[in-house]
Amino acid sequence: MSVVNVTMAELHEKLAKCIAGERVLVDQEGNRFSGRIQHVGVMGVKVIPETVIKNSTGDPGDMDGVTVPYDDIWELEVKGVVFSRLGE
């Protein structure tokens with residue numbers, strides 16, 4: 001897996017092109033979690049935390065994600081490449 005350092009603007013551009021399923025790293029007020037994109041919207045990205053997916057016993061469509069602002073997303077993984085703004 002390779003890591004590519006990007007700016008916040010570049011990461012937002014990549015997120016806007018995403019479809020469901022890509023992995024993201026979210027940091028909300030110092031609490032970090034990884035999740036999978038459920039939907040990309042204008043105001044933010046709807047993410048299902050991976051711990052919710054791992055512990056789920058229901059059908060795949062039964063999970064509701066949480067909407068996080070674009071600025072709270074620090075990494076995006078697409079096809080084995082991690083686009084990260086942690087190096088900012």
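Guide: Ground rule before we look: two strands count as paired if DSSP finds at least two bridges between them. Helices (H or I, at least four residues) and strands (E, at least two) are DSSP runs, numbered from the N terminus.

Visitor: Fine. And what kind of model is this?

Guide: It's a predicted model, where local features need pLDDT of at least 70, side-chain atom pairs count only at pLDDT 80 or more, and totals for chains, interfaces and linings use all residues. Residues are numbered from 1 along each chain as its sequence is written, and side-chain values use heavy atoms, with hydrogens and water left out.

Visitor: OK, the sheet. What order do the strands come in?

Guide: S1-S7-S6-S2-S3-S4-S5, which makes 7 strands in an open sheet with mixed pairing. Strand S1 (2-5) and S5 sit at the edges with a single partner strand each, so one side of each has no neighbour in the sheet. On average, neighbouring strands are turned by 35° against each other, direction ignored. For that, axes are lines fitted to C-alpha atoms (for helices over the stretch in contact), and angles run from 0 to 180 degrees between N-to-C directions.

Visitor: How do S1 and S7 pair, parallel or antiparallel?

Guide: Parallel, over 4 bridges. Val 4 has Phe 83 in S7 as its bridge partner.

Visitor: And what about S3 and S4, parallel or antiparallel?

Guide: Antiparallel: strand S3 (residues 31-40) and S4 share 5 bridges. A hairpin of 4 residues links S3 to S4, and Val 40 stands opposite Val 45 in S4. On to the next strand: S4 runs antiparallel to strand S5 (residues 66-68), joined by 3 bridges, with Val 45 opposite Val 68 in S5.

Visitor: How many residues of S4 are buried?

Guide: In strand S4 (residues 45-49), 4 of the 5 residues are buried. Buried here means under 20% relative accessible area, exposed means over 50%, and partly exposed is in between (1.4 Å probe, protein chains only).

Visitor: Now S2. Why call it largely enclosed?

Guide: Because 5 of the 6 residues of S2 are buried. S2 pairs antiparallel with S3 over 6 bridges, and Asp 27 has Arg 32 as its bridge partner in S3. S2 also runs antiparallel to S6, with 4 bridges, and there Arg 23 stands opposite Glu 77.

Visitor: Switching topic: which residues touch the most others in the largest nonpolar core?

Guide: Of its 15 residues, Leu 11, Leu 15, Val 24, Ile 37, Val 45, Ile 73 and Leu 76 touch the most other members. Helix H1 (8-16), strand S2 (23-28), S3, S4 and S6 each give two or more residues to this core. A nonpolar core is a set of buried Ala, Val, Leu, Ile, Met, Phe, Trp, Tyr and Cys residues joined through side-chain atoms within 4.5 Å.

Visitor: Where does H1 lie?

Guide: H1 lies across S2, S3, S6 and S7, at about 50° to S6.

Visitor: What does Ile 73 touch?

Guide: Leaving out residues up to four places away in sequence, its partners include Leu 11, Leu 15, Val 24, Val 45 and Arg 85. Contact means heavy atoms within 4.5 Å.

Visitor: Last one: where is Pro 69?

Guide: Also in the loop between S5 and S6. Pro 69 is partly exposed, with a relative accessible area of 37%, and its contacts beyond four places in sequence are Gln 28, Met 43 and Gly 44.
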